[in-house]
Amino acid sequence: MIELYEKGVYLVDGEPRKQYEGVTPEQGRENTIAYQILRAHNCSQDEKKMKIHFDCLMSHDITYVGIIQTARASGLKQFPIPYAMTNCHNSLCAVGGTINEDDHVFGLSAAQKYGGIYVPVNQSVIHSYAREAMAACGNMILGSDSHTRYGALGTMGVGEGGPELVKQLLKNTWDVNSPEVVLVYVTGKPKKGVGPHDVALALVKATFANGFVKNKVMEFVGPGIASLPYDFRNGIDVMTTETTCLSSIWETDDEIEKYYRIHGRPEAFERLAPKGVAYYDSMIELDLSKIESMIALPFHPSNAYTIHEFLENPIEILKSVEADAEKKFGSKVHLKLTDKVVDGKVYADQGVIAGCSGGLFDNCVAAAQIMDGHDVGDGYFGFSVYPTSVPTSLELTRIGMTEKLLESGTIIKQSFCGPCFGAGDVPANNGLSLRHTTRNFPNREGSKPGEGQISTVALMDARSIAATARNHGVITAATDIDFDDTHYEYHFDKSVYDRRVYNGFGNPHPEVELKLGPNITDWPAMYALTDNVLLELDAVIRDPVTTTDELIPSGETSSYRSNPLRLAEFALSRRVPEYVGLSKQVMAMDFERRDGKKPERIMKALEQVGNADELIGNTGFGSCVFANKPGDGSAREQAASCQRVLGGFANICYEYATKRYRSNCINWGILPFTLPEGAEFPYESGDFVFVPGVREAVANGVETIPAKVIAKDGVHDITLNIKGLTPDEKEILLEGNLMNYYKAHMQD
């Protein structure tokens, strides 16, 4: 099905080879599609470090307010490149009174003022609009959403936190070490009933835990690609985010040329392929013919099985999920999934097809064909379908697929990303929801374990979800049923976009006043890095991986992302509920210290490492989070900014799960410490870490810093690493955050 080859390979005349004389890896890597595109966007003279300018930017209504507010505070005058703002996350307008719609009004006023593109509520999900209107072969798009992936269309997409978009808006660069490239060599053809999510989940299972493609570019090449319609390719590609790769790119062919022609942009097509002899640092061999219908059980897309494997042993597998829930949530909730097994069958409570991965035209058509002449039933199981955009909905209606779904009892909903992050179709307590969305992390279905509520998501392809709906909730692989799988040609009607989308790029109106609702607030003051720092460990998390959903929950918290202080109240609320209160106490004491006072708690800690009276004037006191491997998942900057707003100065870990989370920490002035390999960290919440000379170390690029842990049993030596900072990153940390950095440059 999928085989991994760790050593480098050459691609010669479309065939992988282990060796090739006359071309070095360095020369061959330049011939990959990835490097052809990266070099065209790179302005760095250092071959090992790239400085990238993107062609356009994408944000949605959870992120664009903070981005524009940050850029405005840093001197923004107008958008220098196309910047599209979609309204697909806070679309419900159901939490917090007027504040969701206040954000939308702000977004339109910002598009008018600075020359942006504004896509109104429910017109399209962010990545659908990017594919339809923004992607172009050979281009690069930066988005403030982790699933910014358009590789199948010949566009390298990168998902980052908001500050990286701010840099682009201010004509700065995205700085990245020249990445390794992994060849995904595609052969075979999918069997009937297998869809893009099945392929994607198999890829995530094979590559996530071992970090095989972490921070690398996945390049899809091979004869099997020709068998895949463009929607199928897009459906696989968007899920490459869950492998933790940096970006993705595919060779392009007649099918992609057809895509751009259908969407009225034939000039955006270019045939992309590796040149000459190309070198790849490793290879994944993907045989599509061997992919089976898949299911990814809670609490990660990599926790995947074939549906047949799962159904052969459901009790034991579901018990492992229950045990995982107990480990994560303790006694707060009691998840019971084994009771879903009745008479040898496994019953789900809900099916949802939605978002940038699920609501694609071909997926919706397949679901309608499977449901044709059948029904969802009158039991507990419910089935919802969210097409990705209004043009997709129009075409589904015109060819009769919407009718087939509605006749079966399926509910058709507007374009919306909510079911992907817990803000739509929330199941009942202890419910099991099957979703063709991108993630099934804890709370992605909207439950609140802290309040005794728990439900879970298993990821499946739209085809198997529809097969399950047809069997009234009995989990069923689509490969086990018969259905008409005729492929329908898509006809794109952009007339609604022509009427409703505001496209002001290149035509800013600086006289327009931004419309600021009461929930849209400026960032609080944050200060430059002090000579030394004293850190209090206010959250110690020993899970193997900590997601951004745990650092700042999704769902109803999204409504407050335009209000930094109010949003910060949710930081770690579903993982370490006491964190906010502890951090606030630390921040209050540092404010006292800045006012010339000597808080007793700070003084007692400093007395154990030196002269407290001398140290207190130049030693900042901040909170710190320890986690083994934090930052998997969303690109949301708030996972870092909320810590900073609460007085967080640093994170300590063994490694960061993604580059984007580490970048978010740096951009918000949080020191991204790591521990040496093999080092132990037995310390607990309430212990202190004193880092002397940290400002000088950062300024001089010192990557190994001796520090002290002031624990309950005495003072211990510890080594902290802070490796690979770019010159800009050093300056950002010294200034205290990205906004301070830009303000300092404005003054210069």
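**Stop one: a tyrosine and its ring partner**

Select Y654: this residue is partly exposed, with a relative accessible area of 29% (buried is under 20%, exposed over 50%, partly exposed in between, using a 1.4 Å probe and protein chains only). Before going on, note that this is a predicted model, where local features need pLDDT of at least 70, side-chain atom pairs count only at pLDDT 80 or more, and totals for chains, interfaces and linings use all residues. Residues are numbered from 1 along each chain as its sequence is written, and side-chain values use heavy atoms, leaving out hydrogens and water.

Rings of Phe, Tyr and Trp (its six-membered ring) pair if their centres lie within 6.5 Å; planes under 30 degrees apart are stacked, over 60 edge-to-face, and the rest tilted. That rule gives 20 aromatic pairs. One of them joins F626 and Y654, edge-to-face, with 6.1 Å between centres and 80° between planes. The two residues are 28 apart in the chain: F626 is in strand β28, Y654 in the loop between β30 and α25 (helices, H or I, have at least four residues and strands, E, at least two; both are DSSP runs numbered from the N terminus).

**Stop two: an arginine in α25**

Pick R662, in helix α25. Which backbone oxygen lies 2.5 Å from a polar atom of its side chain? The one belonging to K723. R662 also touches other residues, including Y656, P672 and L725 (contact means heavy atoms within 4.5 Å).

Methods
Polar contact = N/O pair within 3.5 Å; in protein donor to acceptor, adjacent residues only side chain to side chain. Lists of a residue's contacts leave out its neighbours within four places in sequence.
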